[in-house]
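Please keep the sequence and the model at hand while reading.

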Amino acid sequence: MPALACCVDAAHTPPGYAFPAGDSSLPFPVPCLPGVPLSTTSIHAAAASENSSGHWSPSLSAALYKIDGWGAPYFSVNSSGNVSARPYGTDTLPHQEIDLLKIVKRVSDPKWAGGLGLQLPLIVRLPDVLKNRLESLQSAFDFAIQSQAYEAHYQGVYPVKCNQDRFVVEDIVRFGSPFRFGLEAGSKPELLLAMNCLCKGNPEALLICNGFKDVEYISLALIARKLSLKTVIVLEQEEEIDLVIEMSKKMSVRPVVGVRAKLRTKHSGHFGSTSGEKGKFGLTTTQILRVVKKLEQAGMLDCFQLLHFHIGSQIPSTALLSDGASEAAQIYCELVRLGARMQVIDIGGGLGIDYDGSKSGDSDLSVAYGLEEYALAVVQAVKFVCDRKNVKHPVICSESGRAIVSHHSILIFEAMSSSSTSANAASMTSYEMQYYLSRLTEDARADYRNLTASVIRGEHEACLLYADQLKQSCVDQFKEGNIGMEQLAAVDALCELFYKTFGASDPVRTYHVNLSLFTSIPDFWGIGQLFPIVPIHRLDQRPSARGILSDLTCDSDGKIDKFIGGESSLPLHEIEGGGAGGNGGKYYLGMFLGGAYEEALGGIHNLFGGPSVVRVSQSDGPYSFSVTQAVSGPSCGDVLRVMQYEPELMFETLKHRVEEYCHHDEDSDDSDGDHRMGSIATVANCLASYFHNMPYLVAPCSATGMNNSDFYYCNDDDYNAAADTSAGEDEK
């Protein structure tokens, strides 16, 4: 960055100020305050010196980004300064940790270099983490049941609405089979996929049918019952019982029925809006009594076997949880007294996770308990009420989705470039600035003289005020056509220099990331949900900047300017060599704990499709991991097809246009034999490739990603054999 000239004539320069050499009717003051360098070059040099002078380490980065808080026990920073996944939680051995940067390299490297040729953004799924979450939840309840001498067992269900991806649901059914872990569905398509997956699951696993129901939904649930799936139809509306009775008689199927109770216990946080008497779902005690009466009249009271409640997601404390569980247990015991053959109490969702690492019960982003405390609170509350009423302990079921799938998925994306207002000061030398300033209008020159006088008098507030006034005056003059663009740029550069010198310049940069916020992080845009976002590498270096993230969309809401810990910017590193767009070093960021809801909620705003997806398992091979599934993100043609366009017909239309307007290029002389971009074949092939490629930015010199038709899949053993045939990977 060019420095401002600092040739000073002591006989003519006021003390404490430097003027550039050269003849000019306007002085050019550069503040020389104590401890402040004389030039922009020295300013940046001092900043660089400060950043490099103190020791920095991966542990300091872990503390800075609170990774040991929200990431434990699944994420940490390794000695290389990269984020590592710990697939088995606290039981993970050092050699089993998976370096996320190595995953990105293996996945994004071209195939000829041993990679998979996938394009970012990228979702990395870790099924080992998913398995560990299921095992940890089951272990927490098993311990609570054993320690409290509870006389029934726990068996959970996974609400597929959290993430309906086939491989996620199939993994949960497979990993949960030893625990009789089941599924919960809230719509007909979800019920169909749950039925299909549970055909391969434990025959004792529950299939909970929630959500509003019509005749088709109830008929489908009864078919599931006929197929020997342990299906429970949970009533959300009182009228649904009439349909259940009618359809079960027509189909000659004995149903199992549950009700969702509207508890008085209310969760006052953002995620508790469906709780309380005025909640969206469930039946009041009066309505539950009417259901009991209708079932009794139909001779089906023995079919009433489950009580369900849900007081909201992200329950902040075990005190609120115990209150809700106690109230529900009272209703359960009353239903037993009324003759229902009750067996299961379903406590719904609500098991929260700590998004910001604060372990606080006063925030929607955190919870003040762990799995063990959660399970113990539920078991104690239900046992106490049932023992007092002399009622047999029910099976405890929970619908914990967020807590199961959030940790296993990481969204990784690249920062392509960064920008800030300080770029104004770097755009011209002091001599250029002086030249253009000397040609300002008289009004602007008057503002400049006021600015100069306030600088000489050391009036900092007045200096900033006059700088703002000068800048606005020149903007007005530019709009009227009285000054040129070079003069306006010179004023911008001068004012920015003063802002920076006096600490009034906005130090926050904008990092442009290869991502669509609306597609990949819709909860941030829709409900203000915050997720941990950190660089996945260079964490052995001190971050030298602060930034917000701006995505690729044209929407002004397509930015992330709020972060965990109440921060409005994120500590970040300089993008080396100008970023991917400047053929420099790549800078990767990861969003964590986003495995629930984000994929299902994401749309195609600006026709950006979803990211590429890889499934990565821990392996004892040379890289500590194996990629067992890889799918390229949707192509431009795919997202166009979603909006009812027909890419094949679109291509034919454009191809005919090429043939009509590019024929003259075929007739032109091409003596050197080079391929002409204007030729019909070249243009047509180029157009065809665009339909097949992803909508996201492609860095220069990078390999083209797989077409959407490409799909890579193998099991863990097959991958290790295939990996031996590929080129070696850089282990740095």
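In this report a residue is called buried when its relative accessible area is under 20%, exposed when that area is over 50%, and partly exposed in between, using a 1.4 Å probe and protein chains only. The structure is a predicted model, in which local features need pLDDT of at least 70, side-chain atom pairs count only at pLDDT 80 or more, and totals for chains, interfaces and linings use all residues. Residues are numbered from 1 along each chain as its sequence is written, and side-chain values use heavy atoms, with hydrogens and water left out.

Helices (H or I, at least four residues) and strands (E, at least two) are DSSP runs numbered from the N terminus. Helix 5, residues 127-147, contains 21 residues and spans 30 Å from its first C-alpha to its last. That value is close to the 30 Å expected at 1.5 Å a residue, where the expected span is 1.5 Å times one less than the number of residues. Just after helix 5, Ala-149 adopts a positive phi of about 55°.

Helix 6 is largely enclosed by the rest of the structure, because eight of its eleven residues are buried. Among these buried residues are Phe-167, Val-168, Ile-172 and Phe-175. The N-terminal end of helix 6 is capped by Asp-165, a side-chain oxygen of which lies 3.0 Å from the backbone nitrogen of Phe-167. Asp-165 also belongs to a network of salt bridges together with Arg-125 and Glu-599.

## Salt bridges

A salt bridge is counted when a side-chain nitrogen of Lys or Arg lies within 4 Å of a carboxyl oxygen of Asp or Glu. The whole structure holds 30 salt bridges, and three of them are listed below.

| Glu-170 | Arg-166 | 3.2 Å |

Glu-170 and Arg-166 both lie in helix 6 (residues 166-176), four residues apart, which is about one turn of the helix. Arg-166 is exposed, since its relative accessible area is 54%, whereas Glu-170 is partly exposed at 26%.

Where do the partners Lys-294 and Asp-242 lie? Lys-294 is in helix 10 (residues 285-297) and Asp-242 is in helix 9 (residues 240-251), so the pair ties together parts that are 52 residues apart in sequence. Lys-294 is partly exposed, with a relative accessible area of 26%, and Asp-242 is partly exposed at 37%.

Asp-302 is partly exposed, with a relative accessible area of 24%, and Arg-254 is partly exposed at 43%.

## Aromatic pairs

Rings of Phe, Tyr and Trp (its six-membered ring) pair if their centres lie within 6.5 Å; planes under 30 degrees apart count as stacked, over 60 as edge-to-face and the rest as tilted. Twelve aromatic pairs are found by this rule. One of them joins Trp-70 and Phe-75, a tilted pair with 6.4 Å from centre to centre and 45° between the planes. Trp-70 is buried, with a relative accessible area of 2%, and Phe-75 is buried at 2% relative accessibility.

The ring centres of Tyr-355 and Phe-531 are 5.6 Å apart and their planes stand at 85°, so this pair is edge-to-face. The pair links distant parts of the chain, 176 residues apart: Tyr-355 is in the loop between strand 13 (344-346) and helix 12 (371-389), and Phe-531 is in the loop between helix 19 (522-527) and strand 17 (533-535). Tyr-355 and Phe-531 are both buried. One aromatic cluster is formed by Phe-141, Tyr-154, Tyr-369 and Tyr-374.

## A buried glutamine

Gln-314 sits in the loop between strand 12 (304-308) and helix 11 (318-337). Is this residue, Gln-314, buried or exposed? Gln-314 is buried, because its relative accessible area is 1%. Its side chain reaches the backbone nitrogen of Ile-353 at 2.7 Å, and a polar atom of the Gln-314 side chain lies 3.1 Å from the backbone oxygen of Asp-364.

Terms used:
A polar contact is a pair of N or O atoms within 3.5 Å; within protein, one must be able to donate a hydrogen and the other to accept it, and residues adjacent in sequence count only if both atoms are side-chain atoms.
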